[in-house]
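The entries follow in the order I made them.

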Amino acid sequence: MNPTFSLFDLLILIGILQGIITGILLWRSKKNTRCNKFLALALFAFCFLNTKPLLHTLHLWDTNLFRYFPNGVELAITPLVYFYIKSLVTPEFRFKNKNWIHFIPFIIAQTYAFVVYFSVLTTNDFNTKDSIAKSFKFDYIKTLEEYLLLLLLPFYLFYVYKELIDYKKWLDNTTSDGTFPDFRWLKVIFQLSIIIGAFLLVNHLLDISFDLNSKTLLHYNLLTLFIAFTIYYLGFKGYLQPDTTFIRTKINPIIESNSNILNIEQTRIVEQIQKAMIEDKVFLNPKLNIYELSNMLNVPQKRVSTVINQHFKMSFRDFVNKYRLEEVKFKLDHLDYKNMSILGIALDSGFNSEASFYRIFKKDTGFSPKEFIQRKSTDFT
């Protein structure tokens with residue numbers, strides 16, 4: 001049968017080509033070198049996975065060389081993405097021998113695929129090939145692999161979610177530096193992974209309930225296209241990320257309830273913190289963190305964090321930015337600063353990231369700085 005080339009095949013090939021190119025760029029990139037290696041490998045795995053439908057749509061499956069071509073890469077993708085995110089948000093992370101346990105399912109699956117492939121490669125008769133593969137329980141094992149992927153995906157989604165939440169807590173309760181990455185885009189990876197998992201689950205339920213796979217492969221083709229889109233997004237978004245090398249200093253546990261701090265001591269710490277903010281204006285330091293404030297007050301970091309969390313009902317980051325915002329609003333209203341730009345006032349008030357300033361300002365006031373100024377002017381007229 002002669003190979004036929006469709007729009008579907010073209011889209012998949014474009015996704016594969018883009019994934020390979022971006023993967024090579026990520027592998028050779030001088031930025032985020034450790035975590036980018038994991039992302040590059042994940043992209044290569046995605047690309048290899050997407051060759052599966054092409055074997056059938058291009059009728060390569062009906063050739064001696066490509067029948068039962070070894071491809072058991074599905075089980076490598078989830079741990080690779082997990083280690084990418086873990087190494088990105090935890091710069092001190094190092095891949096150790098014990099971490100190989102995550103790749104045991106993939107190693108077994110890929111080894112099995114090679115055994116079947118080389119066992120059938122010695123014969124040109126397709127019926128004999130199929131008989132040999134059947135003796136290895138090929139279809140049964142492949143189905144088990146797909147079910148195993150469905151079981152492992154929620155496990156990795158949980159740990160990815162935990163890594164993102166832990167990093168967010170560390171960021172909010174440790175530093176007010178707006179140049180620290182917030183990795184908001186990683187939530188998209190999390191969401192895309194959920195969609196892929198839902199796709200897989202629905203497809204299997206349709207096959208089990210209605211034997212849909214014997215009638216059409218449309219549902220799997222749609223999944224393949226979505227994976228191709230995921231390759232495109234992951235590759236370009238990952239490559240465009242700035243160098244996020246930073247030191248994630250260990251933070252002591254923050255007590256959220258049942259505090260052992262006596263009320264009198266808490267009152268004293270509250271007064272110290274307010275003095276540091278109102279009189280000393282320590283918030284003007286754009287890189288102010290909980291450790292510096294703790295040293296200034298000569299109060300243990302754990303206690304400073306507890307007071308800010310419990311008494312002021314805020315994270316350290318939000319607490320400091322609240323004073324910066326009040327400083328910005330004051331200067332926007334004051335004639336002495338009328339010749340300064342909005343960004344200049346923001347930088348003069350302790351912010352050091354334009355994007356985070358505008359986002360925080362709008363979240364607090366509901367308006368952009370320009371809209372805020374216009375409304376104030378209208379109120380006076």
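I began with burial: 45% of the 381 residues of the protein chain count as buried. I note here that this is a predicted model.

Next I looked up the secondary structure. The protein chain has 16 helices and zero strands.

Then I checked the dimensions. The radius of gyration of the protein chain is 28 Å, whereas a compact globule of 381 residues would have one near 21 Å. I read the span of the C-alpha trace along its principal axes as about 85 × 50 × 45 Å. For contacts in the protein chain with a separation of 6 or more, I found that 73% are accounted for by residues 24 or more positions apart.

The largest pocket holds about 1,500 Å³ of space. Its lining counts 48 residues, and L49, K52, E74, E146 and Y220 are the closest to the centre. I listed the helices that each supply at least two residues of this lining: α2 (33-49), α3 (51-57), α4 (74-89), α7, α8 and α9 (218-240). Which helix gives the most to the lining of the largest pocket? I found α7, with eleven residues. By class, I recorded 30 nonpolar, twelve polar and six charged residues in the lining of the largest pocket.

The second largest pocket has about 1,100 Å³ of space. I noted 43 lining residues for the second largest pocket, with K168, L171, D182, R184 and R359 the closest to its centre. At least two residues of this lining come from each of α7, α8, α13 (316-333) and α15 (354-365). The largest share in the second largest pocket is that of α7, at seven residues. The class division for the second largest pocket is 17 nonpolar, twelve polar and 14 charged.

My last entry is on D177. I located D177 in the loop between α7 (138-174) and α8 (186-210). Is D177 buried or exposed? Its relative accessible area is 4%, so D177 counts as buried, the cut-off being under 20%. I then looked at the side chain of D177 and found a polar contact of 2.7 Å with the side chain of T179. Which residues does D177 touch, not counting those up to four places away in sequence? I wrote down P286, K287, L288, R317 and N352.

Key
Residues numbered from 1 in each chain as written. Predicted model: local features only at pLDDT ≥ 70, side-chain atom pairs only at ≥ 80, totals over all residues. Heavy atoms only, no water. Helix = DSSP H or I, 4+ residues; strand = E, 2+ residues; numbered from the N terminus. Buried < 20%, exposed > 50% of the residue type's maximum accessible area, 1.4 Å probe, protein only. Polar contact = N/O pair within 3.5 Å; in protein donor to acceptor, adjacent residues only side chain to side chain. Contact = heavy atoms within 4.5 Å. 1 Å grid on protein atoms, 1.4 Å probe; cavity = no way out; pocket = protein on both sides within 12 Å on 5 of 7 lines; lining within 4 Å. Points joined across faces, edges and corners; volume = space filled by probe spheres on them. Nonpolar A, V, L, I, M, F, W, Y, C, P; charged D, E, K, R; others polar. Rg over C-alpha atoms; globule rule 2.2 N^0.38 Å.
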